[in-house]
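Let's take a friendly walk through a protein complex together. Keep the picture open beside the text and look for each part as it comes up.

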Amino acid sequence: MEVALYISGVDQTTAELLSNMKAEKVILSFVAVFVGLIAAGVAFYLYQTTKVVPDQTKPSATKVAMHASPTPTGSDTFTVDMPQDEQVFDKKLVTIKGMAVKGAIITVSTDDSDQVVQPADNGSFTLTQTIPDGTSVIQFSAIFPDGTQKTIDRTVTFSTADF
Amino acid sequence: MKKNILLITTLLFFILINKSFAAEPTPSPTSGALNSQINQLKDKIASQVSKLNLVEKRGIIGSVQSISNNQIALTDLSGNTRYVDIDEITKYASAANSSFGLSDLKKGMLISVLGIYNKDSQRILARYIDTETVPTRYSGEITKIDGKNFNVTVMTTDQKSVKVEIDTTSTVDSYSTSGDLTKYGFSKLNVGDRVFVVGYPDKTDATLFISDRMIDYLDAPKDATIQIVTPTSAPTIAPTSGGGKTLKPIKQ
């Protein structure tokens, strides 16, 4: 009953508006502008809440790639990245990775065997080496093209003990 | 018609307004409890991860400096002092002594320690302690070859002269940049060759070094810091013929 009265009231208001064409146009224009503003506001809100802002504090993938494997330029550049000092392995075969100046002669010496390698054009070298049981020292020595030498020691352990 | 358009426009307006409010759902009590549980789980995982990152297995080698009931101080191969905690489950071993224990450890003894290293305290909780023998390595150039006694003298890069014995158990290899390690012989060694030697000091003669393995780098560049002094022979005095006095027998 109340709904019917309300609708009849609306009908009366509509009838009054229809009678006045100018007022109708003005109201319609305002409503259209208002609806447009609301729609634009909603669209802007949705855009702001869903967009992803890149973190400027972290280096980008491109920057990381640029710093990943620079070609060593110093005449005595020699680093061993793997294995790390005092590292414990549960496998006897370990991977050795490092960097040295091009033309260097690198000797990898464990307690019971030696290997000699030369780095690639970009200075990197990779090889596998069997390590002795228990704790031992792997010595890495590089003879540089100018005749000087540099030595790096790494203490490594082979152990399958669970503790 | 215009009446309908106005009604539709008004309805659309209210629908759009309602949709914008509907974008933020009211959290139900059930989802709140779930979120709390998820956060607690996250905290526990983060705590465990930090614990796991704080400790790790490590193995070190060093010479004993001091020993107490629950701690050993070592000087590691880099010269740093390391503190090793020991407890009742620490195991001891030695190749020379089957009943090796804490009481057998002496100052200056070289040992290896395998245990749990704490990055925060920088101490290692020992699980295994073994006596250790590390081979000695020298790099340098051959300055003298004694073919009779099968030994060579090597001048190291730190200007140390070492007498190296090549015995029957020693292996000698050569390396050239165009190839790989190949078998070599004592007779092929030359003065001035750049070599790498691994071995142990002789137990009877402290000045002698017993080579286990030797590598002769055939085409390695010379190290300018190594000075090979070739011994010069002592000047010999040529006998003179006319300058000296002649002795004549005394006639009696």
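The report below goes from the whole model to its strands, its interface, its core and a few single residues.

## The model as a whole

This is a predicted model, in which local features need a pLDDT of at least 70 and side-chain atom pairs count only at pLDDT 80 or more, while totals for chains, interfaces and linings use all residues. Residues are numbered from 1 along each chain as its sequence is written, and chains are lettered from A and ligands numbered from 1 in the order in which they are written.

Chain B has an average pLDDT of 84, and 77% of its residues score at least 70.

Chain B contains two helices and 13 strands. Helices (H or I, at least four residues) and strands (E, at least two) are DSSP runs, numbered from the N terminus. Of the 252 residues in chain B, 21% are buried. A residue is called buried if 20 or more other C-beta atoms lie within 10 Å of its own, exposed if 12 or fewer do, and partly exposed in between, with C-beta atoms placed from the backbone.

Another term to learn is contact: two residues are in contact if their C-beta atoms, placed from the backbone, lie within 7 Å. Among contacts in chain B between residues at least 6 apart in sequence, 51% join residues at least 24 apart.

## How strands pair

Two strands pair if DSSP finds at least two bridges between them.

| Strands | Bridges | Direction |
|---|---|---|
| E10(B) and E13(B) | five bridges | parallel |
| E10(B) and E11(B) | three bridges | antiparallel |
| E7(A) and E8(A) | 10 bridges | antiparallel |

Strand E10 of chain B covers residues 171-175, and E13 of chain B covers residues 208-217. Tyr175(B) stands opposite Tyr217(B) in E13(B). Strand E11 of chain B spans residues 181-183, and there Thr182(B) is the bridge partner of Ser174(B). A hairpin of five residues leads from E10(B) to E11(B).

In chain A, strand E7 (residues 134-143) pairs with strand E8 (residues 149-158), and Ser141(A) has Thr151(A) in E8(A) as its bridge partner. These two strands belong to an open sheet of five strands in chain A, in the order E2-E8-E7-E4-E5, with mixed pairing. Which strands stand at the edges? They are E2 (87-89) and E5 (114-117) of chain A; each has a single partner strand, so one side of each is left without a neighbour in the sheet.

## Where the chains meet

How many residues does each chain bring to the contact? Chain B brings 40 residues and chain A brings 33 residues. On the side of chain B that touches chain A, helix H1 (2-22) is among the elements that give two or more residues, as are strands including E1 (55-67) and E12 (194-201). H1(B) gives the most, with nine residues.

## The nonpolar core

A nonpolar core is a set of buried Ala, Val, Leu, Ile, Met, Phe, Trp, Tyr and Cys residues joined through C-beta atoms within 7 Å. The largest one has 53 residues, and those with the most contacts inside it are Ala104(A), Ile106(A) and Val154(B). E7(A) gives the most to this core, with five residues. Not counting residues up to four places away in sequence, Val154(B) touches nearby chain parts, including Tyr138(B), Ile142(B), Val162(B) and Val197(B).

## A few residues to look up

Met82(A) and Pro83(A) are joined by a cis peptide bond, with omega about 0°. Met82(A) sits in strand E1 of chain A, while Pro83(A) is in the loop between E1 (78-82) and E2 of that chain. Why is Met82(A) called exposed? Because 12 other C-beta atoms lie within 10 Å of Met82(A).

Gln122(B) has a phi near 60°, a positive value in a residue other than glycine, and is placed in the loop between E5 and E6 of chain B. Gln159(B) also has a phi near 60°, and lies in the loop between strands E8 (151-156) and E9 (161-165) of chain B.

Terms used: pLDDT is the predictor's confidence in each residue, from 0 to 100.
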